[in-house]
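This report concerns one protein chain and its predicted model. Please consult the sequence and the structure shown below.

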Amino acid sequence: MRPFAHLTAALAALAARYRADDPERGDVPGWVMITVMTAALVLAILIPFRTAIVDAVTNALTSVTSGG
């Protein structure tokens, strides 16, 4: 019964926070912006240099697995 009480309390706290009039509720959190910008940078680097990156990783793995 105790886990159910914890779940009920957590859901009640979440519902209260959701209903609260938070002036920043509509803003995008900073971590979301950082995640999106990082993904965009990765794509911007990966698209034009895909073959060079694949070749470099393949060469590195080959040198490690072949013993030198």
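The following paragraphs cover confidence, secondary structure, surface and a nonpolar patch.

The model is predicted: local features need pLDDT of at least 70, side-chain atom pairs count only at pLDDT 80 or more, and totals for chains, interfaces and linings use all residues. Residues are numbered from 1 along each chain as its sequence is written, and side-chain values use heavy atoms, without hydrogens and water.

The protein chain has three helices and zero strands, in the order α-α-α from the N terminus; helices (H or I, at least four residues) and strands (E, at least two) are DSSP runs. pLDDT is the predictor's confidence in each residue, from 0 to 100. Of the residues, 76% reach 70 or more.

| Part | Mean pLDDT |
|---|---|
| Protein chain | 81 |
| α1 (residues 2–19), lowest | 73 |
| α3, highest | 94 |

Buried residues (under 20% relative accessible area, 1.4 Å probe, protein chains only) make up 0% of the 68 residues. The accessible surface (Shrake-Rupley method, 1.4 Å probe) is about 6,300 Å², with 71% belonging to carbon and sulfur atoms.

V42, L43, I45, L46, I47, F49, I53, V57 and L61 make a nonpolar surface patch of about 820 Å². Helices α2 (30–46) and α3 (50–65) each give two or more residues to this patch, and α2 supplies the largest share, four residues. I45 lies in α2. Patch residues have over 30% relative accessible area and no salt bridge, with nonpolar side chains (Val, Leu, Ile, Met, Phe, Trp, Tyr) joined within 5 Å and like charges within 9 Å; a salt bridge places a side-chain nitrogen of Lys or Arg within 4 Å of a carboxyl oxygen of Asp or Glu.

Technical notes
Buried means under 20% relative accessible area, exposed over 50%, partly exposed in between (1.4 Å probe, protein chains only).
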